[in-house]
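Have a look at the complex below. Here's a quick tour of a strand pairing, a chain contact and a domain layout.

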Amino acid sequence: MWRYLVPVSIFAVLAAFFYRGLSLNPGYVPSPLLGKPAPEFELPRLKDPAATMGSRDLDGQVALLNVWATWCVGCRQEHGFLVDLAESGGIPIYGLNWKDDRQTALNWLTDLGDPYVASAFDELGEVAIDWGVYGAPETFLLARDGTVLHKHIAPLDEEIWARDFLPRIAEQCGSLPCPLETGE
Amino acid sequence: MIRAVTPAPVRMLMLVTAWALLPATAWAIDPEPPFEDPQLEAQYQALINEVRCLVCQNQTIADSNAPLAADLRREIREMMGEGAGRGEVVDFLVARYGEFVLYRPRFQPSTWALWGGPAFFVILGMVVFARILRARMAQPLEGEESP
């Protein structure tokens, strides 16, 4: 009896591990920032280098921070969705323009539309490192108190939005648009 | 007059030797010069050889030409130049990118099985081996196996 049971059970355990392990996506690295306060930052704005954009702009809102660049193919793919999302007016989208050329980025927004309330210009990628960014496009969902609720790596679309973002936003404030926090 | 022609294999050997003697810095991937303190440079090199480049996941940031790898090397250089130790840099990276960024995971509850697994299987193997050996030794030398 044991003669058969032992190899069969070893096989079953291995098969279970491989089934699980081989169906994981190695490109998906869960962010250690989830559930933690978003890293503080302050950078020049893309459109107005003299002004800055940073944590203070995001404070008190349920908002998206979208990491994008003109060299990033996936960003072009999701851009139309972001423009639609911005037009629907439900949630403010902030941009983090990552390791890009300012003029090229400005042209991109002129040509394809600008879904962002504002974009920060992270030329050296220093803020991106603080946010654990490794592959654009990445989209962070932030709570009013600045907690990172969700991070999506890869282009956004309707389906992912409905599956991963809307339920988390609903937990925060019911339906969109989320009311702004009133400073009481 | 006899011309001294170096035989081809010797020329080849000279070429290979010359190539091997090129200073290692010729391969350095960073635009910056190495640290002046050789010990610090060695620590820096050791560390960047243990940090995964998340863009090209089977490379370390020491191997990778990805822009993110260059940014991370620059960040690590700056930290180490300002006196940060290995532990501080590792904590910095893990806080942002998670444990996956380390090629040599730290020993902690989530990695006990990983670190302990090989030892566990070696011991298991030895136990099984000892039991089989003992069972065999218990058999008479000329004994026939009963079906």
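Two strands pair if DSSP finds at least two bridges between them. With that in hand, turn to chain A of this predicted model. Strand 6 of chain A (residues 138-142) runs antiparallel to strand 7 of chain A (residues 148-153), and 5 bridges join the two. One of the residues involved is A:E138, whose bridge partner in strand 7 of chain A is A:I153. The hairpin made by strand 6 and strand 7 of chain A has 5 residues between the strands. In that hairpin, A:G146 takes a positive phi, near 85 degrees.

Now for where the chains meet. Chain B puts 14 residues into the contact, and chain A puts in 12 residues. On the side of chain B that touches chain A, the elements giving two or more residues are helix 3 (67-81) and helix 4 (86-97) of chain B. Helix 3 of chain B gives the most, with 5 residues. What kinds of residues make up this side of chain B? They divide into 9 nonpolar, 2 polar and 3 charged.

| Domain of chain B | Residues |
|---|---|
| Domain 1 of chain B | residues 28-106 |
| Domain 2 of chain B | residues 110-137 |

Taken over C-alpha atoms, the centres of domain 1 and domain 2 of chain B are separated by 36 Å.

And the confidence? Chain B has a mean pLDDT of 85, with 88% of its residues reaching 70 or more. For the complex, the predictor gives an ipTM of 0.79 and a pTM of 0.78.

Notes
Residues are numbered from 1 along each chain as its sequence is written. Chains are lettered from A and ligands numbered from 1 in the order in which they are written. This is a predicted model: local features need pLDDT of at least 70, side-chain atom pairs count only at pLDDT 80 or more; totals for chains, interfaces and linings use all residues. Two residues are in contact if their C-beta atoms, placed from the backbone, lie within 7 Å. Helices (H or I, at least four residues) and strands (E, at least two) are DSSP runs, numbered from the N terminus. Ala, Val, Leu, Ile, Met, Phe, Trp, Tyr, Cys and Pro count as nonpolar, Asp, Glu, Lys and Arg as charged, and the others, Gly among them, as polar. Domain bounds come from an automatic or database domain assignment. pLDDT is the predictor's confidence in each residue, from 0 to 100.
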